[in-house]
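The structure is shown first, and the notes follow by topic.

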Amino acid sequence: MNSDKIPVILDTDIGTDIDDALCLSYLLKQPKCDLLGITTECGDTIARAKLASSICRRVGRDDMPIFPGAPMPFIGPQLQSIVPQATALEKWSHRLEYAENSAIPYLRDTIRSRPGEITLLTIGPLTNIGVLFALYPDIPGLLKRLVLMCGSFFDGQTPRRRECNAVVDHIATDVVYRADVKESISIGLDVTMQCMITGDEARQSIQGGILAPVADMASVWLQNANHVVFHDPLTAALLFEPSLCELVSGDVTIDPIDGVTYFAEKAEGRHKVAKSVNARRFMDHYFEITKS
């Protein structure tokens, strides 16, 4: 085990927004990251696993453990059942065989095998993690750190902005934020929205190397959008470059009806959330790592 690297498990809904694929690319290229495995969720979790595989295979990581997880939220319909970027799989080689609903046992066993070592990075809705924490209450305390792209904490809007990862399965979101984790860090929509490039900039910059399959996924995303926001890559980068964001401590609560997040700043709070970001430095850092 290389003590200079941070052991990370990634939980993702890759294939909906393009930022998940951008995040995975960053983690695979980040020399300080020991990416232990990937779990997927929301709707067609096997298609999402295949997308993750295509990026891993691009850099010779066909050995990456990838486990499909929960297709449905705790309660109600799945709001992200479709995986639009799966059309890109026609062009990119990927693994074909996956064990359905295998994410929770993988997470449980891996975290228990390395107590106090693993950072769990969640960049999608929180169904997998909510189920994990509900079934195995020892798991939160065995993590080194939980880092989430979730919520919106300082937007000042009325009504408050609803962030997708928090609201798709708001019951799971509530379970996760109530868990007794040693260190919990959240990067909210109000901060990640500052890390945006136009569609034309994305077409020019997201290409080549590990980003080649991501470019085809991005072309699907850009059929219905004119920009790319680096929500998830910023969240991942904070693990390795903590000075990118200003963090403040406090308590996070979840509206039980619609999943809107609320934050009360206090020095002894259980959670840290991002209050600001150096967006220019982050963007430079992101492409320096992924283009290396």
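In which hand, left or right, does H4 pass H7? The model is predicted, and in it H4 passes H7 in a left-handed crossing.

**H4 and H7**
- Helix H4 spans residues 127-135 and helix H7 spans residues 170-178; their axes come within 8 Å and cross at roughly 55°.
- H4 is therefore oblique to H7.
- On the H4 side, the contact is made by Thr127, Ile129, Gly130, Phe133 and Ala134, and on the H7 side by Ala172, Val175 and Val176.
- Sorted by class, this contact has six nonpolar residues, two polar ones and no charged ones.

**H1 and H2**
- The axes of H1 and helix H2 (residues 45-58) come within 10 Å, with a crossing angle of roughly 35°.
- This crossing of H1 and H2 is right-handed.
- Ala21, Leu24, Ser25 and Leu28 of H1 meet Ala52, Ile55 and Cys56 of H2.
- The contact of H1 with H2 has six nonpolar residues, one polar residue and no charged residues.

**Largest pocket**
- The largest pocket holds about 210 Å³ of space.
- It is lined by 15 residues, of which Asp17, Glu163, Cys164, Asn165 and His231 are the closest to its centre.
- At least two lining residues come from each of helix H1 (19-29), helix H6 (164-167) and helix H11 (231-240).
- By class, the lining has seven charged, four polar and four nonpolar residues.

How values were computed. Residues numbered from 1 in each chain as written. Predicted model: local features only at pLDDT ≥ 70, side-chain atom pairs only at ≥ 80, totals over all residues. Heavy atoms only, no water. 1 Å grid on protein atoms, 1.4 Å probe; cavity = no way out; pocket = protein on both sides within 12 Å on 5 of 7 lines; lining within 4 Å. Points joined across faces, edges and corners; volume = space filled by probe spheres on them. Helix = DSSP H or I, 4+ residues; strand = E, 2+ residues; numbered from the N terminus. Nonpolar A, V, L, I, M, F, W, Y, C, P; charged D, E, K, R; others polar. Axes fitted to C-alpha atoms, helices over the stretch in contact; angles between N-to-C directions. Parallel < 35°, antiparallel > 145°, perpendicular 65-115°, else oblique. Left-handed = near helix turned anticlockwise from the far one by under 90°. Contact = heavy atoms within 4.5 Å.
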